[in-house]
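These are my notes for a reader who is new to this entry. They are set out as numbered points and begin with a term used throughout.

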Amino acid sequence: MKRHQPVIAVFASGAGSTFRAVADAVQQGLVDFDIGLLVTDHDDAGVLQHVEELNGKYGFNIKTEIINKKRYPGGTQGRGQTREEAEALCAALRDNHIDHLSLMGCLRIIARQVIDEFGWKPAYAVADPQHNGMYLARMTNTHPGILPATTDTYGIHTQQQALDMGLSETAQTFHAVATGIDKGPIIAEHRVHVHAPSSYPAHLADTAEKLFARVQRVEKAHLPLDLDHFLKRQAQFHKAANRSSPFLFVQD
């Protein structure tokens, strides 16, 4: 198998609006990667409807996998995926020849077994101190807040924490995935000013809902291009270091 650009998998748990923004960028030719697989941990996740529409409307060939504890019960591994979930995810990525796994609204803690194969590890920072080893990882995540201030939060809860902490800014943060929650080197960060209730009149002050909506707009605008830029820089890094390509099926 040979192809001209990398193929990513997306793991999303909910409605899939961020996934749709990235898929639209693919369809519009704004990025140089394809989406080959959508993984979700909810049988009725709204993101599955986006895949069906994209495959029909644009002729995409995005496959889907539902990987959750109900289908792969196994033994628990703390708060994360079961071992059987992790094995199923790794198998799906291999079977579909995926170059990169992108978490977009994934509400599961990814198991160590997956990170060992696709994620960032401390040894990478030693091997490549200039970039903190980020280009040796093949898994990234988008987080709707400043890290580490809003670690272990998600969605609207992240924005509520930003308000509760009195932060002057929140952010959309794009980072490599490491063991733990919201860990790994930061690749890109896009700050969003907080309209604090203590400084703005009530009709202009932020609520968690209003703040989250602004962060989501920033995320949809930046994530497709940030991911594309990361994949291109990653390929350049491996080529310059005379390493084997991170994209095993891409034709030079």
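1. Helices and strands here are DSSP runs, helices of at least four residues and strands of at least two, numbered from the N terminus. By that numbering, Asn242 lies in the segment after helix 7. The model is a predicted one.

2. Helix 1, which spans residues 17-27, is mostly covered, with eight of its 11 residues buried. The buried positions are Thr18, Phe19, Arg20, Ala21, Val22, Ala23, Ala25 and Val26. These residues pack against strand 1 (7-11), strand 2 (34-40), helix 2 (47-58) and helix 7 (208-240). Just after helix 1 comes Gly29, with a positive phi of about 75 degrees.

3. How do helix 1 and helix 2 lie relative to each other? The two pack at an angle of about 15 degrees, and their axes are 10 Å apart. Angles under 35 degrees count as roughly parallel, and helix 1 and helix 2 are therefore roughly parallel to each other. Their crossing is right-handed. On the helix 1 side the contact involves Phe19, Arg20, Ala23, Asp24 and Gln27, which meet Val47, His50, Val51, Glu53, Leu54 and Tyr58 in helix 2. By class, the residues of this contact are six nonpolar, two polar and three charged.

4. Helix 1 also packs against helix 7, at an angle of about 35 degrees and with the axes 9 Å apart. The crossing of helix 1 and helix 7 is right-handed. Here Ser17, Thr18, Ala21, Val22 and Ala25 of helix 1 meet Gln216, Glu219, Lys220, Leu223 and Pro224 of helix 7. The contact of helix 1 with helix 7 has five nonpolar, three polar and two charged residues.

5. In soluble globular proteins, nonpolar side chains tend to be buried together. In this model the largest nonpolar core has 39 residues, and those touching the most other members are Ile8, Val10, Phe19, Phe33, Ile35, Leu38 and Ile62. At least two residues of this core come from each of strand 1, helix 1, strand 2, helix 2, helix 5 (122-127), strand 6 (169-176) and helix 7. Apart from this core lies another, of 23 residues, with Ile67, Leu103, Ile110 and Phe118 among them.

6. Which residues does Ile8 touch, leaving aside those up to four places away in sequence? The contacts of Ile8 are Phe33, Asp34, Ile35, Gly36, Leu37, Ile98, His100, Ser102, Met104, Leu227 and Leu231.

7. Some backbone geometry deserves a look. Most residues other than glycine have a negative phi, and most peptide bonds are trans. The peptide bond from Leu147 to Pro148 is cis, with omega near 5 degrees. Pro148 sits in the loop between strand 5 (139-143) and helix 6 (155-164).

8. Asn132 has a positive phi, near 60 degrees, in a residue other than glycine. Asn132 is placed in the loop between helix 5 and strand 5. Its relative accessibility is 34%, so Asn132 counts as partly exposed.

9. Is Asn242, in turn, buried or exposed? The relative accessibility of Asn242 is 72%, and exposed means over 50%, so Asn242 counts as exposed. Phi of Asn242 is also positive, near 60 degrees.

Definitions and conventions: Residues numbered from 1 in each chain as written. Predicted model: local features only at pLDDT ≥ 70, side-chain atom pairs only at ≥ 80, totals over all residues. Heavy atoms only, no water. Buried < 20%, exposed > 50% of the residue type's maximum accessible area, 1.4 Å probe, protein only. Contact = heavy atoms within 4.5 Å. Core = buried A, V, L, I, M, F, W, Y, C linked by side-chain atoms within 4.5 Å. Axes fitted to C-alpha atoms, helices over the stretch in contact; angles between N-to-C directions. Parallel < 35°, antiparallel > 145°, perpendicular 65-115°, else oblique. Left-handed = near helix turned anticlockwise from the far one by under 90°. Nonpolar A, V, L, I, M, F, W, Y, C, P; charged D, E, K, R; others polar.
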